[in-house]
Amino acid sequence: MPFDLFLSYKVFHLLFYRRKMVEVTVISSTMVRPENINQTGRQKIHLTPHDLDLLYLFYPQRGLLFHKPDPENSIIPRLMASLSTALEIYFPFAGRLVKVNNHEDDTVSFYIDCDGLGAKFVHAKAESITVNDVLQSHGSVPYFISKFFPANNVQSRDALVSEPLLALQVTEMKDGVFISFGYNHMVADGTCFWKFFHTWSKICLNGSDPSIQSIVLKDWFCDGIDYPVHVPVLEMETLPRWEPSTKERVFHLSKKNILDLKAKANNEIDTNDLKISSLQAVVAYLWLSIIRHSGLNREEETQCNVAADMRPRLNPLLKKECFGNVTNLATATTTVGELLDHGLGWTALQISKSVRSETNESYEVFAKNWVRNVKRPKTSFGSRLANNSLIISSSPRFEVYEHDFGWGKPIAARAGPADGAGGMLVMFRGVEEGSIDVHATLNSSLWSGVLVNLLTNDMVGQ
């Protein structure tokens, strides 16, 4: 056998062997119920048009990496017990999605039944995987990371049949612990979830605390809409599953990277009436870079969709403790050519305008139009525009590194598998003050080796 062929064979054999030896074993899967269940006060949560529009959305999945606790510290019983207490406070996560068939008008309606059936808790082990295996160089995402998440390829509608509204997984590694979750976006948003996660960690660390505030259920219901909302049966037809090819990378932006981008964007728009934020400048830079190296035609449209928290935008304002899904996508749309012909400042300005357009009035208009012209809730796949577009999820404002279950704070944050339509950019606060980590998942039309090298070099070089 020629030497080069022999060497290729040995490399392939080694890679295959290494993949074969990486195992994530599920030890147990348990439903953890709230500590105390008051069935007499059982609540029913009606779903708004904004909630119903997410029926086909995949569960958002996030995870935190920790160093391994002391071997004498039995973490699984503690985590389960504290989770039970936390679910008593955040009781909607322990409920179930229910569908009602309205035969009188051939429609269906949905609600959350706070029945206390519980959240899924998965205990897994990956004894051959180390922290360094997860934190690969240059932001590479290891192929096995999907096995660390509990709700892969699960959509909101699956909660009608088999899935709980919340699933969590604790994976014990050789020298670390990975705690992940997936949740139904119809019942809550990221703001709610990270508050729940912080409460869970606080109870696990210190025990039950009477000072922990109870949640306030979302009380936004648009005037003129009857609840429950009736959806024509034809619009609820089952859609096929779609598992496209995607690639992932984590990009780290230092505080200096971000300040430089913000300054450049604001200098380019040259106005005192409006200031581009740090996040808007970062998102604009990523959108520009991805589209520039995508090979898309200049005439094609592209969108950048940023999740906006509507709590401070509604009238009257919702309380910060408000529990529920209170986000909406702010959408900036342009053509590839127009995007590339302008610079960072113009692109950031389009994102800023789309976010500022999310108001109480636009929120109500969407709800009323949705009910008036009910169409199948949005899916993130199936259109050319979706494949050319980005969704910006999560926020650096979420304090993901402040969660201590009793053996120290996290050392990294990661996102679970995305659905693969276009690009998903999950924004995390970085470990270093003022930095941002972006967990990017891009489909084949947006992924480019040149792009990855460019972004990696830009981040290192500044």
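**A buried aspartate and the salt bridges of the model**

In this predicted model, a polar atom in the side chain of aspartate 115 lies 3.2 Å from the backbone nitrogen of leucine 117. Aspartate 115 is placed in the loop between β5 (107–113) and β6 (119–126). Its relative accessibility is 8%, so aspartate 115 counts as buried, the cut-off for that class being under 20%.

Attention now turns to charged pairs. Side chains of opposite charge can pair when their charged atoms come close. The structure holds six salt bridges, and one of them joins the side chains of aspartate 260 and lysine 256, with an N to O distance of 2.8 Å. Aspartate 260 and lysine 256 are separated by about one helical turn, because they stand four residues apart in helix α6 (residues 255–269). Both partners are partly exposed: aspartate 260 has a relative accessible area of 33%, and lysine 256 has a relative accessibility of 48%.

Another salt bridge connects the side chains of aspartate 341 and arginine 298, at 2.7 Å from N to O. This pair links distant parts of the chain, 43 residues apart: aspartate 341 belongs to helix α8 (residues 336–341), while arginine 298 sits in the loop between α7 (278–292) and β12 (301–309). With a relative accessible area of 52%, aspartate 341 is exposed, whereas arginine 298, at 44%, counts as partly exposed.

Lysine 409 and glutamate 402 also meet through their side chains in a salt bridge, 3.1 Å from N to O. Lysine 409 is partly exposed at 43%, and glutamate 402 is partly exposed at 36%.

Technical notes: Residues are numbered from 1 along each chain as its sequence is written. This is a predicted model: local features need pLDDT of at least 70, side-chain atom pairs count only at pLDDT 80 or more; totals for chains, interfaces and linings use all residues. Side-chain values use heavy atoms; hydrogens and water are left out. Helices (H or I, at least four residues) and strands (E, at least two) are DSSP runs, numbered from the N terminus. Buried means under 20% relative accessible area, exposed over 50%, partly exposed in between (1.4 Å probe, protein chains only). A polar contact is a pair of N or O atoms within 3.5 Å; within protein, one must be able to donate a hydrogen and the other to accept it, and residues adjacent in sequence count only if both atoms are side-chain atoms. A salt bridge is a side-chain nitrogen of Lys or Arg within 4 Å of a carboxyl oxygen of Asp or Glu.
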